[in-house]
Amino acid sequence: MSIRLQLLIVALTTLVLPWAGCQYARELETALRDSQEKSLLASAGTIANALSAQPQRVFRDPDDAAAFDLKSADLYVYPLASLPLLDGYRDDWGIAADPTPLPTTVGYGARVQAGSTNRYLYLYIEVDDPRFEAEPANVHPDRDRFDRVDLTLQRADGAPASYFFGTNAPGLIAAQSVVTGDDGRSRVVEEPRIQAFWLQTRAGYHVEARIPLSFVGTRLWIQAADGSGAGKAGMSAEDAPQGGRLFFTMAGLDELLGTFIREGTRATVIDANALKLGTAGNLGASSPGEPDAAESWYRHFMAVDTSSFPVHASKPDRQDGHSVSAALAGSPHAEWVRSTASPELLLTAAAPLVIDGRTRGAVFLEQAGDQLLSLRDRAVTHLFNLTLLATASSVIIMFGFATWISLRIGRLRAAADSAVSSDGKIRLDMPESGSGDEIGALARGFERLLARLNEHTQYLRTLGGKLSHELRTPLTIVRSSLDNLESEDLREDQRRFVTRAREGTLRLQSILSALGAAARVEESIKQAERMSFDLRDVLLSALAAYRDGFPQARFALETPLDPCFIRGAPDLLVQLLDKLIENAVDFCPPLRTITVRLERALGSYVLQVENEGPPIPPALHGRLFESLFEQRQGRDDKPHFGLGLYIVRLVAEFHGGTAVAANRPDGDGAIFTVQLPLI
Amino acid sequence: MKKQIAIVEDEPALRENYAAALARHGYAIKTYGNRQNAMQAFHLRLPDLAIIDIALEDEAEGGFDLCRDLRALSAELPIIFLTARDSELDAVSGLRLGADDFLTKDVSLPHLAARVAALFRRIDALRRPDNAAEIVRRGALSIDAEKMQTTWNGAPVTLSLTEFWIVHALARNPGHVKNRQQLMDAANVVLDDNTITSHIKRMRRKFQQIDAAFDAIQTVYGMGYRWVE
């Protein structure tokens, strides 16, 4: 694994920062939520206390503590924001349809819903009676049978007043009542102040009635009766003396509540039956606009799980939920709920409304949780962005640093690899040796090592020449002594020893000559003069000499047909050729061919000496041309010091060229190639 | 009277060996180990021939200085340089100190004796009146084998003894290639190839000083040299 990758992985550990940020944000959210709950609870408690000090502003009848009872036809009166049109439709009431079924024993379906403005009580009565039976003319309500709705209102003075609705033609009608005249006869009169609209539909009929509040007390009785048969729903004053109670919201309560609450909060006062008595405020627009992709991503990534929150579906007339039931039981409670409408997340808190030591209702507050969420999101997004930025920049910096380090090491490695070139030259300067860190120290270590190696190599390289020179004088002493000895009168056996000694000195001489060969060539290269000469001519004459000199080898020559002029030293070039040919002859089996080839190439001449025979072992490639490199198994008694091909290289380099060795493509022999530039 | 030869050589064994060999040939030998001793003696009496090593004790080129001083004492005294290094041959030529011959120490004692004898013969021949019998003429070149003198277009070419024998060997059979061994045999020396090459180079330079267009000594690569008319 590269250093770069390793450091990159290390850098990735900084990702723990955003993770820690997430954890922190969650804790933050929990704490915020906690404090929001507390504050909302406190608000609810404050409002409840304030309201309990003035119960007459909350309850129409502060002393009536009886519970709302659907079975006894208690009716909740919705506050209406606008005046509905009397048209038999409820659509313009502006509230959700929530009719209360009228009690029936015979399965006659009828439902009623009540609403009020500050002047009128509106009743909306639906009766499932598809067959219309008209009210006869000169009706006798006690006798005649027709589709009718009886309405009995308890007036302000406590006496009941009975009316009925019936018509011979659906449309706008007035309530009718039976009055007893001064003559003791009863007759039917219209009460024009109680208006209604009779709408006949396929499923039945609707009666939308408008009653001035001055007619309305706290109780009423409603009964719908079928014109034919026994279908009947609701109750009459005779059947149920208690009647149904009307639950009004208090006018002015909404305004009163409004003074307590802030923007974004909705307050609802409920009575002990959880019926809404008054409400104020709104939850405000949902979160401003759609959350952008990044925020929702963060939210998805780490939001507190809200799916376990109870779903809060508010009913038009009543409030429910855990907090409501807890508050009505006497203890304040706060709860997070999910809403089906926007905003999705709500914080609800309810505090009991205690009057005279009894829990008479509760103050219920709602607040959008999205505010909190967006607050949290902003903080977290910020935090997240910051930590991500920090992580990204640290990763980038680490990566860059690692790249830099690994580049430096790579450069050092490349330099170390190529410090000893294939021709044995040693490059002494290392990159990075100027830097003060460990890599610089390593580079300087390399430099010291290479300097020593270079000294050693130089010593070895010059050793041959030095030895050859230093041994020459003692050798001359021996030889001249032998010369003198030979001129003495020697016995035959003595002369034999002298001859042997002379042979020894001759061999020693040739060894010294071979040892000093490279030094001599180096010397003559220093003094060589360049001239223009015909390479082809040199090859032709030299090859003639080799044919005489090495009768055991066959020579083939391939040259261009015209002269090949280059600038250089022909004597040195002949020495180069000598060495190549000697080498080829040494490795070429008898009676096999040595090919000398001269070719023109782009900007240079290519001289090749190719011999059949064993290929060059792979381990030797690239080292053959080094000084003092000798690996051959002795095949003759000539001394070899690995200087021949070194001389080839020296001469090739003197001519600005190169020398390389390769095996023949068929593996049967070797090709030595010298490239000589034209200039 | 015996001819007196001075040998200036710092290596005692070598010095004695040379002395013994030349003494056997009937010369009177004086040997010196360094330049100062030699010069003192030369001021008292000049030898008939001096053999001088180039490196003398701690003077790497003491022989050159000695040669210059000796030449100042006598213009005719034959001087032979002995060197341990091939490269010095070029230095000698560059210095043009007026040595009559220079040999590497590889030379065998019989060859040295022959070379000494040849030098004396040249001196003797120069003192005697002309006899034209031994003169070889090849175009602008004329070689007097008796006096070991060479002229080109009538101007004398100052060749060393070794060089003289090489030119002589080449010019006697113009057009024939003489390989290095043949040239060494002709010059009575044992030299390696490089030394022959540097002799040839120096000879060409000497001829070219007289005639810049000189081109008579041709290299036949890998084989040797030939004289072209």
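Biologist: Between which two strands of chain B does the loop holding Asn153(B) lie?
Modeller: The model is a predicted one. In it, Asn153(B) sits in a loop of chain B. The strands on either side of that loop are S8 (149–152) and S9 (155–157).

Biologist: Is Asn153(B) buried, partly exposed or exposed?
Modeller: Asn153(B) has 13 C-beta neighbours inside 10 Å. A residue is buried at 20 or more and exposed at 12 or fewer. Asn153(B) therefore counts as partly exposed.

Biologist: Where in chain A does Leu591(A) lie, and what is its phi?
Modeller: Leu591(A) belongs to the loop between helix H11 (570–587) and strand S22 (593–601) of chain A. Leu591(A) is not a glycine, but its phi is positive, at about 65 degrees.

Biologist: Is Leu591(A) buried or exposed?
Modeller: Within 10 Å of Leu591(A) there are 9 other C-beta atoms. The limit for this class is 12 or fewer. Leu591(A) is therefore exposed.

Biologist: Which residues does Pro677(A) touch, leaving out those up to four places away in sequence?
Modeller: Pro677(A) is placed in strand S25 (residues 670–677) of chain A. With 15 C-beta neighbours inside 10 Å, Pro677(A) is partly exposed. Its contacts are Gly603(A), Ser604(A), Gly656(A) and Gly657(A).

Biologist: What distance separates the C-alpha atoms of Pro677(A) and Arg567(A)?
Modeller: Along the chain, Pro677(A) and Arg567(A) are 110 residues apart. The separation of their C-alpha atoms is 8.9 Å.

Notes: Residues numbered from 1 in each chain as written. Chains lettered and ligands numbered in written order. Predicted model: local features only at pLDDT ≥ 70, side-chain atom pairs only at ≥ 80, totals over all residues. Helix = DSSP H or I, 4+ residues; strand = E, 2+ residues; numbered from the N terminus. Contact = placed C-beta atoms within 7 Å.
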